[in-house]
Amino acid sequence: GGTSTDVSRYANGYDYVSELEVGEAHLFTQALAIETVAAGGGSICHLHEGQLQVGPDSAGASPGPACYGNNGPLAVTDLNLISGRIDPDSFGFPINKPAAEQAFNEIVAKLRASDPRSQGIDLLNGFLAIANQKMADAVKKISINKGFDPKEYQLLGFGGAIGQHICDIADLLNVSKILIPFEGSLLSAVGIGSAKVERHEIKQVLKPLADKTEVLESIDQLSTLALRQIKNDGIE
């Protein structure tokens with residue numbers, strides 16, 4: 001996405017969490033386990049105390065990256081444009097490459113003020129390496145940190161900028177198979193439109209497993225409750 005990278009794991013079933021945080025709200029509800037990091041096409045690239053920094057602040061849609069022509073800051077999209085990972089003629093709307101190069105050269109000048117040996121190509125590769133590492137680290141949190149090896153998985157990419165980053169991310173994770181759907185940039189919108197509507201209900205049954213009667217009655221009660229909630233949402 002423009003502001004973030006969202007990742008999750010699928011292996012013959014979905015990975016859920018029973019609580020999550022949205023902003024300052026702590027919700028106790030069943031949800032897909034999704035890890036989000038502030039690294040995307042709109043992530044601002046700058047120097048902080050002489051160190052390269054990518055995000056967490058984003059240029060957003062307005063002003064957007066420098067190449068949008070609205071006096072925006074240098075962002076990951078600008079780096080992909082300068083490095084040739086973006087074809088301006090296929091971008092969907094006019095983009096301003098000279099504006100991106102100007103924003104980039106301003107940071108190169110700042111870096112050379114403290115280190116005259118600095119090269120523009122090193123700065124470009126450095127920023128992109130940081131962005132890719134952040135995205136790969138997000139994948140590690142929902143795989144390696146939970147005991148799953150990314151090498152045993154296929155990396156499915158989506159989002160408008162995924163083609164510019166997925167190969168580098170796969171290399172960092174030692175993933176050998178990549179899948180990018182034909183409409184990968186629209187996958188979020190397509191997915192939310194075709195996703196099944198679900199409700200999860202949980203009840204504790206403190207009985208021996210052999211006591212099937214109460215277990216089956218509880219399942220019926222929960223099914224009725226979940227269906228009622230779906231109908232209350234206006235879904236037949």
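Predicted model: local features only at pLDDT ≥ 70, side-chain atom pairs only at ≥ 80, totals over all residues.

Student: Is Cys45 buried or exposed?

Tutor: The word buried is used for a relative accessible area under 20%, and exposed for one over 50%. Cys45 has a relative accessible area of 2%, so the term that applies to Cys45 is buried.

Student: Which element gives the largest share of the largest nonpolar core?

Tutor: This core has 31 residues, and those that touch the most other members are Cys45, Leu74, Leu79, Phe104, Leu123 and Phe127. Two or more residues come from each of helix H1 (76-82), helix H2 (97-114), helix H3 (120-141) and helix H4 (166-173). The largest share of this core is nine residues, and the element that gives it is H3.

Student: Leaving aside its neighbours within four places in sequence, which residues is Leu74 in contact with?

Tutor: Contact here asks for heavy atoms within 4.5 Å. Leu74 is one of the residues that touch the most other members of the largest nonpolar core. With its sequence neighbours left aside, the contacts of Leu74 are Ser43, Ile44, Cys45, Leu79, Ala100, Ala103, Phe104, Ile107 and Phe127.

Student: Which element gives the most to the lining of the second largest pocket?

Tutor: This pocket has a volume of about 260 Å³, and 17 residues line it, with Gly72, Pro73, Leu74, Ala103 and Glu106 lying nearest its centre. Strand S7 (43-48) and H2 each supply at least two residues of the lining. The element that gives the most, with six residues, is H2.

Student: How many salt bridges does the structure hold?

Tutor: Arg9 and Asp15 are both buried, and together with Lys146 they are linked in a network of salt bridges. Another pair is Arg85 and Asp168, with the closest N and O atoms 4.0 Å apart. For the structure as a whole, the number of salt bridges is five.

Student: How many residues apart are Arg199 and Asp233?

Tutor: Arg199 forms a salt bridge with Asp233, and the closest N and O atoms of this pair are 2.2 Å apart. Arg199 lies in the loop between helix H5 (187-194) and H6, whereas Asp233 lies in the segment after H6, which places the two partners in distant parts of the chain, at a separation of 34 residues.

Student: Leaving aside its neighbours within four places in sequence, which residues is Gln229 in contact with?

Tutor: Gln229 is found in helix H6, which runs over residues 212-232. Its relative accessible area is 30%, so Gln229 is partly exposed. With the neighbours within four places left aside, the contacts of Gln229 are Arg199 and Glu201.

Student: What is omega for the cis peptide bond that joins Ser62 and Pro63?

Tutor: A cis peptide bond also joins Gly55 and Pro56, with omega about 0°, and Pro56 is found in strand S8, residues 51-58. Pro63 has its place in the loop between S8 and H1. For the cis bond that joins Ser62 and Pro63, omega is about 10°.

Student: Is Asn71 buried or exposed?

Tutor: Asn71 lies in the loop between S8 and H1, and its phi is near 60°, a positive value in a residue other than glycine. Asn71 has a relative accessibility of 78%, and so Asn71 counts as exposed.

Terms used:
Residues numbered from 1 in each chain as written. Heavy atoms only, no water. Helix = DSSP H or I, 4+ residues; strand = E, 2+ residues; numbered from the N terminus. Buried < 20%, exposed > 50% of the residue type's maximum accessible area, 1.4 Å probe, protein only. Core = buried A, V, L, I, M, F, W, Y, C linked by side-chain atoms within 4.5 Å. Salt bridge = Lys/Arg side-chain N within 4 Å of Asp/Glu carboxyl O. 1 Å grid on protein atoms, 1.4 Å probe; cavity = no way out; pocket = protein on both sides within 12 Å on 5 of 7 lines; lining within 4 Å. Points joined across faces, edges and corners; volume = space filled by probe spheres on them.
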